[in-house]
Amino acid sequence: RDLTIPAGSTLTIEPSVTATFVNTGTNLVINGKLVADGALGTEITLTSGGTWDGLYMNTTADITSVIDYCIIEKASYGIYLYKNLSVTNCTVRNNLNRGIYVYNCSPVINGCTIQNNTYENGIYVYFYDANVNGITITNNTITGNGDGTDNDGGIFMYALHDQWTGTSYTVSNATYPINISGNTISSNNRNGIYMYNYRSTGGGG
């Protein structure tokens, strides 16, 4: 069963703590605030004896949540981001599908190592409307992700009903910038960075 932190409540995980999820499919669901503030040498580890489902930062998650110097591993999906939060200095590795799944929000992903996430992407980004202010993916090492099928690889970006300008996406007459810089993206299976847009009247590109 899931561990859920309700809105208005805070879960604090101390440095050097290892939390092991023993039940397959268990989620850590954050509707409130998460403070997972590790440090170099005292990282926080979220792991599993089998395959837990992942860390969910929901739309109600407190914007002041901290995910810093954490190791997220052995999940189905490492981190689901539904809120404009920062993930910094983390290692997201050995997850079954995606390392980090960004769903229609504007996070900062900086200084992370995202590696060996098996079946899909290191980072998967999905935008579908104008309620986002861009995304920042900087100074990360993204390697060994995907199994070589479909659109697997390092970073996959999917935007619905959009127009790509070369440096930004326009959706519903709102423009949001894409900052992908300073990353080392190598040895991913199939793609390094793949961007796809879809229009119901015009196909994809």
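Visitor: Is Tyr82 buried, partly exposed or exposed?
Guide: This is a predicted model. The relative accessibility of Tyr82 is 23%. Buried requires under 20% and exposed over 50%, so Tyr82 counts as partly exposed.

Visitor: What kind of pair do the rings of Tyr101 and Tyr124 form?
Guide: The ring centres of Tyr101 and Tyr124 are 5.3 Å apart. Their planes stand at 75°, so the pair is edge-to-face.

Visitor: Where in the chain do Tyr101 and Tyr124 lie, and are they buried or exposed?
Guide: Tyr101 is in strand β13 and Tyr124 is in strand β16 (residues 121–127). The pair thus links distant parts of the chain, 23 residues apart. As for accessibility, both Tyr101 and Tyr124 are buried.

Visitor: Which residue has its charged end over the ring of Tyr101, and at what distance does it lie from the ring centre of Tyr124?
Guide: The charged end over the ring of Tyr101 is that of Arg98, 4.9 Å from the centre of that ring. Arg98 also lies over the face of Tyr124. For Tyr124, the distance to the ring centre is 3.7 Å.

Visitor: Which residues have the most contacts inside the largest nonpolar core?
Guide: In soluble globular proteins, nonpolar side chains tend to be buried together. The largest nonpolar core here has 39 residues. A second, separate core of nine residues includes Tyr56, Tyr80, Phe156 and Tyr158. Within the largest core, the residues with the most contacts are Leu55, Met57, Ile100, Val102 and Ile123.

Visitor: Which residues does Met57 touch, not counting those up to four places away in sequence?
Guide: Among the residues touched by Met57 are Tyr80 and Tyr82, which are also members of one aromatic cluster. With those neighbours in sequence left out, Met57 touches Ile30, Leu34, Ser65, Ile67, Tyr80, Leu81, Tyr82, Lys83 and Leu85.

Visitor: What is the phi value of Asn139, and where does this residue lie?
Guide: Asn139 is a residue other than glycine with a positive phi, near 60°. At 47% relative accessibility, Asn139 counts as partly exposed. Its place is the loop between β17 (135–138) and β18 (141–143).

Visitor: Which backbone oxygen does the side chain of Asn191 reach?
Guide: Asn191 is part of strand β24 (residues 191–199) and counts as buried, at 18% relative accessibility. Beyond four places in sequence, Asn191 is in contact with Asp150, Asn151, Asp152, Gly153 and Gly154. The backbone oxygen that the side chain of Asn191 reaches, at 3.1 Å, is that of Asp152.

Methods: Residues numbered from 1 in each chain as written. Predicted model: local features only at pLDDT ≥ 70, side-chain atom pairs only at ≥ 80, totals over all residues. Heavy atoms only, no water. Buried < 20%, exposed > 50% of the residue type's maximum accessible area, 1.4 Å probe, protein only. Phe/Tyr/Trp six-rings, centres within 6.5 Å; stacked < 30°, edge-to-face > 60°. Helix = DSSP H or I, 4+ residues; strand = E, 2+ residues; numbered from the N terminus. Lys NZ or Arg CZ within 6 Å of the ring centre and 35° of its normal. Core = buried A, V, L, I, M, F, W, Y, C linked by side-chain atoms within 4.5 Å. Contact = heavy atoms within 4.5 Å. Polar contact = N/O pair within 3.5 Å; in protein donor to acceptor, adjacent residues only side chain to side chain.
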